[in-house]
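Hello,

The structure we discussed is pasted below. My notes on it follow.

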Amino acid sequence: MEPKVKFVNVSKTYNFHKKQSDKLLDLLSIRKKTKQFSALRDISFEVKEGESIGVIGINGSGKSTLSNLLAQVVEPTKGKVQIDGESSLIAISAGLNNNLTGYENIELKCLMLGLRKEEIHRITPSIIDFADIGDFMYQPVKNYSSGMKSRLGFSISIHTNPDVLIVDEALSVGDQTFYQKCINKMEEFKKQGKTIFFISHSISQIRSFCDRVLWLHFGEIKQFGDKKQVLKEYKEFIEWFNSLSEKEKKDYRSTMLQEQFDPQEFFRGKTRSSKKRNKKDPLFQIKRTLQILFICILLLTSTLFMFVDLDMYKEASKDNNQMDNKVESNEQTINKEINKNGIVIGNPARVYSDIELRKTGSTISFGTPVLVIEETGNLYRIKNDHVSGYVNLEEIKLLEKNIEINKLFLEDILVFTPNTFSAAYSFYIAHLGMPYMDVKSSLRGLTGESVNDTGKKIQYYDGENIGIIFDENDFAESIIVSNINIEDPFLNDLLTLASIKNGEEVYLILINGYEVIINLHDKKMILKPM
């Protein structure tokens with residue numbers, strides 16, 4: 001019988017870069033290879049259908065990396081991972097969007113796992129009943145305790161009926177009643193022939209539930225076999241480790257971790273002496289020639305931009321003269337206290353860090369709410385959580401009352417968007433709130449990356465029809481959809497509901513749960529959760 005899960009010489013490494021430019025230098029091979037950390041090193045094992053495998057090891061042994069490989073969240077650096085069927089990872093808040101309610105997360109996570117809406121509606125009552133978090137089901141997940149997140153995540157995962165279930169410390173934060181409920185459910189899965197990986201620090205939990213035990217130790221398999229024998233030796237190791245002084249523990253960890261920072265490039269199978277380059281090697285000569293050619297192109301490009309900057313000098317001088325005129329008028333004006341809410345109607349608005357308008361602090365997007373502190377001549381002094389400074393009056397609209405939210409749902413306004421987005425919008429929305437690298441590893445088909453006018457990173461998918469915009473902390477904050485049908489009759493009707501607009505090209509509409517920005521000139525729509 002073929003194994004349900006098979007790892008063959010699997011390794012996972014991570015490169016340590018001090019700055020972004022180091023990645024490019026590594027790619028071009030014009031510097032020494034950066035430091036590599038081997039989270040897992042050459043591990044192999046097989047698991048049969050219906051087995052329950054306990055995974056143990058002290059912190060830093062690679063358990064979470066193993067769980068991500070099992071869930072196919074990340075790819076191995078080396079080796080082969082073979083999983084027969086669908087896998088589902090249960091970890092605290094794994095796959096949950098903090099900005100959405102628990103109820104909304106049920107639908108989104110189930111859609112991501114390939115369930116149809118009819119099936120989702122059928123199992124949702126069971127998910128809610130099992131999670132048992134009451135009215136919090138209709139509150140944003142960011143307001144949940146770690147125990148509530150675990151309950152919801154576990155409930156969703158077990159009701160999607162996966163073939164391989166990975167439980168990564170998800171039961172460590174729940175109460176005893178919920179823990180027993182989860183164990184009972186996993187026992188049902190075992191009887192159905194499901195394969196389960198149970199990752200825990202609790203020896204008693206592993207002993208009572210699992211068939212075999214895999215002991216990871218600083219990236220390698222220490223033992224894998226009968227649970228009684230493995231747990232006996234692991235317990236002896238833990239007792240020995242706990243008997244050490246704090247300094248001895250630290251020294252031991254440092255020694256073990258140093259072996260994972262492999263100076264002889266474990267994955268290349270080379271020693272330091274074998275890495276010395278032979279300058280007479282034709283391949284080396286070709287590679288070095290290409291590197292020099294690339295550097296020359298960079299130098300020529302930089303020189304070209306210098307001449308372009310000279311041509312722009314006159315325009316810059318004109319702008320400076322205009323700023324000087326504004327300064328003179330501002331210095332003659334008394335500050336007027338405002339202290340009202342406002343919204344940016346510039347597309348985007350330029351924010352200056354000083355009243356003389358000589359230092360550009362940043363730019364701020366159309367539709368961004370701000371607090372208008374005071375008026376000085378033809379300037380407003382504004383601030384929000386991310387920026388503060390001076391903005392021209394025409395870039396800000398003062399709000400006398402809250403903007404009205406229209407009684408429309410996201411599904412109602414997708415008719416003018418490309419089919420590639422409208423058919424899978426829930427999948428893309430599920431990635432909002434996730435870190436930059438998590439989005440990049442989760443979504444398939446990355447076609448480009450850039451930085452917008454306000455300095456925010458964007459990842460593009462589907463031939464740049466769909467983009468994920470990231471905030472200042474590199475978390476996904478909004479989605480940009482290109483090539484919308486601006487001739488669609490519904491879109492024209494929707495624009496009449498706009499609360500804010502910039503001329504006749506950029507509009508802001510609030511619907512249930514989302515800010516919607518329509519840019520007719522660029523044929524783009526931006527969606528941002530409120």
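By about how many helical turns are K247 and D251 separated? The two are four residues apart in helix 9 (residues 246–260), so the separation is about one turn. K247 is exposed at 61% relative accessible area, while D251 is partly exposed at 37%. Here buried means under 20%, exposed over 50%, and partly exposed in between, with a 1.4 Å probe and protein chains only.

This is a predicted model, in which local features need pLDDT of at least 70 and side-chain atom pairs pLDDT 80 or more, while totals for chains, interfaces and linings use all residues. Residues are numbered from 1 along each chain as its sequence is written, and side-chain values use heavy atoms, without hydrogens and water.

The structure holds 16 salt bridges. Another of them joins K6 to E46, with the closest N and O atoms 3.8 Å apart. K6 is in strand 1 (residues 5–16) and E46 in strand 2 (residues 35–47), 40 residues apart.

Overall, the protein has 15 helices and 24 strands; these are DSSP runs (helices H or I, at least four residues; strands E, at least two), numbered from the N terminus. Of its 530 residues, 43% count as buried.

Eight strands form an open antiparallel sheet in the order 17-18-19-20-24-23-22-21, where pairing requires at least two DSSP bridges between two strands. Strand 17 (446–451) and strand 21 (500–502) are the edges.

Regards

Notes: A salt bridge is a side-chain nitrogen of Lys or Arg within 4 Å of a carboxyl oxygen of Asp or Glu.
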